[in-house]
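Hi,

Here is the structure I promised to pass on to you. Please open it beside this email, and my notes on what turned up in it follow below.

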Amino acid sequence: MKKTWWKILGSLIVIYTTIAGLLLGVPRLAILNETIRNLYFHVPMWFAMLTLFSISVFYSIKFLLQGKEEDDLRAVESVNVGIVFSLLGLVTGSFWAKFTWGQFWSFDVKQNFTAVSILLYFAYLILRNAIDEEQKRAKIAAIYNIFAFPMMVVLIMVLPRLSDSLHPGNGGNPGFNSYDLDSRMRVVLYPAFIGWSIIGYWIYTIRFRIRSIENKQQHN
């Protein structure tokens, strides 16, 4: 029970936020209407992605300091799961854009920079596969990962705020906090951040254990 309580907690939170997100009342706003419920799913995907990429950077730094293969493995597996959540964020955002802006991809500045940031992490995986020698691959990948993270943060969180954007909180548009995120939404959205991050971390730990077993078998 000591090792599983957080998994149960994460599962319960996700179940709660999914049901509450579909059934509880939301503000009635022009254009958004009922699509505002997607906020409960779209934004937590990005939050989980940032959590996983942060974990990856931590273990990349740790690998460079200590040189343990385990840390490199943790770094790449957290990136693998983080990419999945980034794609889920992109897909949920595209469907939301279709119903609010009229098309799945409007080449909005935040959409474009987000796509570039995801490609940064695909490049990380490609880089790893292009190098055969394990220690060399791990060191180069760790250095790349450490630089990719701040670049991703700038692309997603900084540059869109300096340009015109359809997204709330960017290009002079007011953010959700300032005009329509009422108490009914906060009791769903904030737990969703936690719940999906826990689920993402859980998936990462499973992948790490599987890869660890595979590596031990290969070395034996």
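Phe107 is exposed, with a relative accessible area of 61%; here buried means under 20% relative accessible area, exposed over 50%, and partly exposed in between, all with a 1.4 Å probe and protein chains only. Phe107 sits in the loop between α3 and α4, and its phi is positive, about 55°, although it is not a glycine. For context, most residues other than glycine have a negative phi.

Before you go further, please keep in mind that this is a predicted model, in which local features need pLDDT of at least 70 and side-chain atom pairs count only at pLDDT 80 or more, while totals for chains, interfaces and linings use all residues. Residues are numbered from 1 along each chain as its sequence is written, and side-chain values use heavy atoms, with hydrogens and water left out.

The overall picture

The protein has seven helices and zero strands, where helices (H or I, at least four residues) and strands (E, at least two) are DSSP runs numbered from the N terminus. From the N terminus on, the elements therefore read α-α-α-α-α-α-α. Of the 220 residues, 46% count as buried. Contact means heavy atoms within 4.5 Å, and among contacts between residues at least 6 apart in sequence, 73% join residues at least 24 apart.

How α4 and α5 pack

Helix α4 (residues 109-130) and helix α5 (residues 134-158) pack at an angle of about 175°, and their axes are 10 Å apart. The axes are lines fitted to C-alpha atoms, for helices over the stretch in contact, and the angles run from 0 to 180 degrees between N-to-C directions. The two helices are therefore roughly antiparallel to each other; that word is used for angles over 145 degrees, with under 35 counted as roughly parallel, 65 to 115 as roughly perpendicular and the rest as oblique. On the α4 side, the residues that meet α5 include Phe113, Val116, Leu120, Tyr124 and Leu127. Their partners in α5 include Ile140, Tyr144, Phe149, Met152 and Leu155. By class, the contact of α4 with α5 has 16 nonpolar, three polar and three charged residues. In that count, Ala, Val, Leu, Ile, Met, Phe, Trp, Tyr, Cys and Pro are nonpolar, Asp, Glu, Lys and Arg are charged, and the others, Gly among them, are polar.

A pocket to look at

Which residues lie nearest the centre of the second largest pocket? They are Asp72, Leu73, Arg128, Arg137 and Arg211, out of 20 residues that line it. A pocket here is an open set of points on a 1 Å grid over the protein atoms alone, with protein on both sides within 12 Å along at least five of seven lines, and lining residues have an atom within 4 Å of a point. About 400 Å³ of space lies in this second largest pocket, with grid points joined across faces, edges and corners and the volume taken as the space filled by probe spheres set on the points. Helices α3 (69-100), α4, α5 and α7 (183-219) each supply at least two residues of its lining. The largest share, six residues, comes from α3. By class, the lining of the second largest pocket divides into six nonpolar, six polar and eight charged residues.

Some single residues

For the contacts below, neighbours within four places in sequence are left aside.

- Ser56, in helix α2 (residues 39-66), is buried, with a relative accessible area of 0%. Ser56 is in contact with Ala75, Ser78, Val79 and Asn145.
- Arg74, in helix α3, counts as buried at 17% relative accessibility. Its contacts are Tyr59, Tyr204 and Phe208.
- Ser94, also in helix α3, counts as buried at 13% relative accessibility. Ser94 is in contact with Gln103, Phe104 and Trp105, and its C-alpha atom is separated by 9.0 Å from that of Ser106, twelve residues apart along the chain.
- Ile146, in helix α5, counts as partly exposed at 24% relative accessibility. Ile146 touches Ser60, Ile61 and Leu64.
- Thr4, in the segment before α1 (5-23), is partly exposed, with a relative accessible area of 32%. The C-alpha atoms of Thr4 and Trp202, 198 residues apart along the chain, are separated by 10.0 Å.

Best wishes

Methods
On a 1 Å grid over the protein atoms alone, a cavity is a set of points where a 1.4 Å probe fits but cannot get out, and a pocket is an open set with protein on both sides within 12 Å along at least five of seven lines; lining residues have an atom within 4 Å of a point.
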